[in-house]
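Visitor: I would enjoy a close look at a single part of this protein, followed by a tour of what surrounds that part in the wider fold. Please give me the cut-offs as you go.

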Amino acid sequence: MKNKKLQVFISSTFIDLIEERQAAVQAVLSCGHIPAGMELFTAGDESQMKVIKRWIEESDVYLLILGGRY
């Protein structure tokens, strides 16, 4: 399991936590894992909510960044 790459879904509000999200992405990458988050999605036929739910379900870790907005 030592060499297993984990998919980490990074969740937060976006506009107010851009720097924090970028730091989280860099930390995940530096540990050799795979970051996933809203900014990686493109528009498609499937509803955004369905796509997001599927990505969360397929991720190994859900990282929630909370800030002053909430």
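Guide: Happy to! Lys4 has a relative accessible area of 41%, so it counts as partly exposed (under 20% is buried, over 50% is exposed and partly exposed lies in between, using a 1.4 Å probe and protein chains only). Before we go on, this is a predicted model: local features need pLDDT of at least 70 and side-chain atom pairs count only at pLDDT 80 or more, while totals for chains, interfaces and linings use all residues. Residues are numbered from 1 along each chain as its sequence is written, and side-chain values use heavy atoms, with hydrogens and water left out.

The partner of Lys4 is Asp60: their side chains meet in a salt bridge, at 3.9 Å from N to O (a side-chain nitrogen of Lys or Arg within 4 Å of a carboxyl oxygen of Asp or Glu). Lys4 sits in the segment before β1 and Asp60 in the loop between α2 and β3 (61-64), so the pair ties together parts that are 56 residues apart in sequence. Asp60 is also partly exposed, because its relative accessibility is 41%. Across the whole structure, the search finds one salt bridge.

Stepping back, the protein has two helices and three strands, in the order β-α-β-α-β along the sequence (helices are DSSP runs of H or I with at least four residues, strands are runs of E with at least two, and both are numbered from the N terminus).

One aromatic pair is counted (ring centres of Phe, Tyr or Trp, with its six-membered ring, within 6.5 Å; planes under 30 degrees apart are stacked, over 60 edge-to-face, the rest tilted). Phe9 and Tyr62 form this pair, which is stacked, with 5.9 Å centre to centre and 5° between the planes. Phe9 belongs to strand β1 and Tyr62 to strand β3, 53 residues apart, so the pair links distant parts of the chain. Phe9 is buried at a relative accessible area of 2%, whereas Tyr62 is partly exposed at 42%.

Tyr62 also belongs to a nonpolar surface patch with Ile56, Leu64 and Leu66, with about 400 Å² of accessible area together (patch residues have over 30% relative accessible area and no salt bridge; like charges are joined within 9 Å, nonpolar side chains, meaning Val, Leu, Ile, Met, Phe, Trp and Tyr, within 5 Å). Ile56 comes from helix α2 (residues 48-58) and is partly exposed, at 31%.

Now follow β1 (7-11) to the loop that runs to α1 (18-30), where Ser12 lies. Ser12 is buried, with a relative accessible area of 19%. Beyond four places in sequence, Ser12 touches Leu17, Arg21 and Ile65 (contact means heavy atoms within 4.5 Å). The side chains of Ser12 and Arg21 are joined by a polar contact of 2.9 Å (N or O atoms within 3.5 Å; within protein, one must be able to donate a hydrogen and the other to accept it, and residues adjacent in sequence count only if both atoms are side-chain atoms). Thr13, in the loop between β1 and α1, is buried at 17%, and its side chain makes a polar contact of 2.5 Å with that of Asp16.

Finally, of the contacts between residues at least 6 apart in sequence, 67% join residues at least 24 apart. Of the 70 residues, 29% are buried.

Notes:
Accessible areas come from the Shrake-Rupley method with a 1.4 Å probe; for residues, only the protein chains shown count as cover.
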